[in-house]
Amino acid sequence: MARSVRLKAGRQFGLLTSAALLLVSAAGCGGGFSDNKGAAGGSTGEVRMLVNITPNLTKSYWEGLVKPFEDANPGVDVKIEAPSGSGVKDTLPQLLAAGNAPDVVETLMADKVLAPQMLDLTNEAWTKDTPLVDQAKLDGKVYTVGVGQQAQSLVFYNKDAFAKAGISAPPKDLDELTADMGKLKAAGYLPLQTAGDYVTGLQLLQLADPSIATKYPDWFQQVNSKQVKLGDTLLPLLERYQSWIKSGYIDKNALGLKDVGAQTNFFSGKAGMYIMGSWLVRTADDAKPKFDLGVFAAPVEKGQPSPGPQGVTMAAPYMVLKSTKQRDLAVKLVQFLVTDKTAVQSQLSQDGNFRKGYTEKLSPLGKQVQDILDQAPKGVAQGEGYGANTLPSGFNGEWNKAVQSLYTGKSAKDVATRMDSWLGSKS
Amino acid sequence: MRARLTTLSMVGPALVLFVVMLVVPVGLSIYLSLTDWDGYSANPAFIGLKNYVNLTHSAEAIRAGWVTLLIAAVGTVLLSALGLGFALLVNGASRLNAFFRIVLFYPHVLSALVVGFLWSAVLGTSGVVNGWLTSKGSAVLPFLSDPKWALASLIAVLVWAGFGVNVVLYLAGLQTVSKDLLEAARIDGASKRQTFLNVTLPALAPVVTVNLVLSLVTLLKTYDLVVSLTGGGPAGSTQTAAYLILWDSFHNNALGFGSAQSVVLMVITAGLALTVARLRARADQGASA
């Protein structure tokens, strides 16, 4: 009798659990695994935009940015959404899985994984004149449009320190750079400021862009197709970097610093150089260092034409999600954000980005960066890259850890082998 | 029938919550771990146990596993020992003890992210400690820039941030120790050490078990402090299993692989927690026999 009651109760529990599980699974998976086609929508309604929130790009900044668009389109409400995770990259999959995807996403660029979720903007005429639109094309299609570009291969330097070290002009090639480091060290400066976190690997990539792009014009394709070994292409620079650590040109304890700490050190005048992207201009303008701050393009290998190609990335990239129910409004909003002069100027100034024809409001340091961009023979993708120039996802993180291992006893050869092995595992 | 409906109406909401909060996420994780889901695609392909096979070949995941186990083992012992030690120190009923209890518990109230950033400002290469050392002409200590030091720093901060909970649990346990037994031990001439070892500690056995299991499970899931204190570095040396799961899932667009790691971590955590609980139960039985 007792057994029968237990069995009955067990069956009821099982049925109830199964029913609840089915119900919840059906609701929970409704968005994530469906292939939502979206809809054109009307001329009024809400457009949701997932954006990156930073100290420069606050939620109220974004709301102010889209206000003129809302005013020009009565009945349209642009809802700015901050990432619920640590950033846009991990928030978007969560929203997609929950069937609650935004209409527009900022920060990410289309790759083979993201593109199937994004609207093809190739036939939108206004995209043609937006920065880096051709470089960001994927299989000939436009998914991502941006406001401006960020120069990557920049070396910010302390002009006073250079003068005290007897260096009359910024170095043009990496041999000169190494020699200048020796002079800076002798003059009592830390030659090159770096940091742990993401900075270590990023700096070396930024420095590598001009020389690698000159030596291997189709580096991404050659590496992906195994025409050249990834490790072999990076080895000369890794060996050079290792020699800098050994010579004390880089602080061996720099990995214990975060990016802000490294910037503070550099702006305090203790270090001679700091490799970073053009977004540092905004920080430098605010920090107002007491020394004369300059910037030069990352040097090339000896014998290569100088200046070399400049690493560039798209600033404030936007994409419209294919699943949007407000396709027309979402596209109109993105068009406004990347073509309206006031909106563009605001975004460029707010985050220290660059675009041809928008030079009036640049600071003296910003003008130097614009000159570097103008003088570069071409702009090239960097690291994981974008568009047709892409390495497998995860390259930047793996590279960063690999470069950091140079500080913890690994050799340049070990690092090159590690990168080859990583790429092999992605095939 | 009416009785059944009444039962269902009472059990139903709790059951739905249980299913939504536990069964569905675990079931989905197991399902996703058998796919190549990148976080975006509408139709992830079923790839069987490939993610689990890849996991056994991933040097990074294996290293993160060992780091996690080390943190959990050392951290659990330290949390429990310090928790008990400080609980004994602040056990008496006085205003000073009440103040110290708040001070000891306070770090646990802070967000782990805040704690990490705070300690990175203290232990970083240009942090407070190294700033003071260099001002005295000493060399910088590599708290966060050397792999071994960084791991030790991470464990130390985890213990600092967490042992307040252990103190509170032990304090609660100490209130349950029979005053009669303590009095009897005192009358029999037992020293403080003997009283602690033979009366207090056996009476605290269930609390010790709870402390050990809670600390172990918490430390096996260490994530946010890694993000804010070491960022998994230097050179990935302080990456924990939970950190790597998030990294692989979202930075590397490998949610299927990340899910496989989650399932393995869940099984190991459950296994270790059950083992500790059983060992403690056996020890308790032995002590009471």
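Mentor: Start with a single residue, bearing in mind that this is a predicted model. Take Gln382(A), which sits in the loop between β11 (379–380) and β12 (385–386) of chain A.

Trainee: Is Gln382(A) buried or exposed?

Mentor: The idea is to count neighbours: a residue is buried if 20 or more other C-beta atoms lie within 10 Å of its own. Gln382(A) has 24 other C-beta atoms within 10 Å, so Gln382(A) is buried.

Trainee: Which residues does Gln382(A) touch, leaving out those up to four places away in sequence?

Mentor: Gln382(A) touches Gln152(A), Leu205(A), Gln206(A), Asp209(A), Gly311(A) and Thr313(A). Take Gln206(A) as an example: 176 residues separate it from Gln382(A) along the chain, while the two C-alpha atoms are separated by 7.4 Å.

Trainee: What share of the contacts in chain A join residues 24 or more positions apart?

Mentor: Among contacts with a separation of 6 or more, that share is 77% in chain A. As for burial, 47% of the 427 residues in chain A are buried. The secondary structure of chain A comes to 15 helices and 13 strands, and its C-alpha trace spans about 90 × 65 × 40 Å along the principal axes.

Trainee: How many helices and strands does chain B have?

Mentor: Chain B has 13 helices and 0 strands. Its C-alpha atoms fill a box of roughly 80 × 75 × 35 Å along the principal axes. Of its 289 residues, 37% count as buried. For contacts in chain B between residues at least 6 apart in sequence, 71% join residues at least 24 apart.

Trainee: Which part of chain B carries a domain annotation?

Mentor: An unreviewed UniProt entry annotates residues 65–276 of chain B as "domain: ABC transmembrane type-1". In the model, that stretch is 78% helix and 0% strand, with its end C-alpha atoms 19 Å apart.

Trainee: How do I describe two helices that pack together?

Mentor: Two packed helices are described by the angle between their axes and the distance between the axes. In chain B, helix α3 (residues 59–89) and helix α10 (residues 205–220) pack at an angle of about 145°, with axes 8 Å apart. The crossing of α3(B) past α10(B) is right-handed.

Trainee: Which residues make the contact between α3(B) and α10(B)?

Mentor: On α3(B) they include Thr68(B), Ile71(B), Gly75(B) and Leu79(B). On α10(B) they include Val208(B), Asn211(B), Ser215(B) and Leu219(B). The residues of this contact divide into 8 nonpolar, 7 polar and no charged.

Trainee: Now the interface. How is its size given?

Mentor: The size of an interface is often given as the accessible area lost when the parts come together.

How values were computed. Residues numbered from 1 in each chain as written. Chains lettered and ligands numbered in written order. Predicted model: local features only at pLDDT ≥ 70, side-chain atom pairs only at ≥ 80, totals over all residues. UniProt positions renumbered as here; feature names shortened; annotations may be inferred. Helix = DSSP H or I, 4+ residues; strand = E, 2+ residues; numbered from the N terminus. Axes fitted to C-alpha atoms, helices over the stretch in contact; angles between N-to-C directions. Left-handed = near helix turned anticlockwise from the far one by under 90°. Contact = placed C-beta atoms within 7 Å. Nonpolar A, V, L, I, M, F, W, Y, C, P; charged D, E, K, R; others polar. Buried ≥ 20, exposed ≤ 12 C-beta atoms within 10 Å, placed from the backbone.
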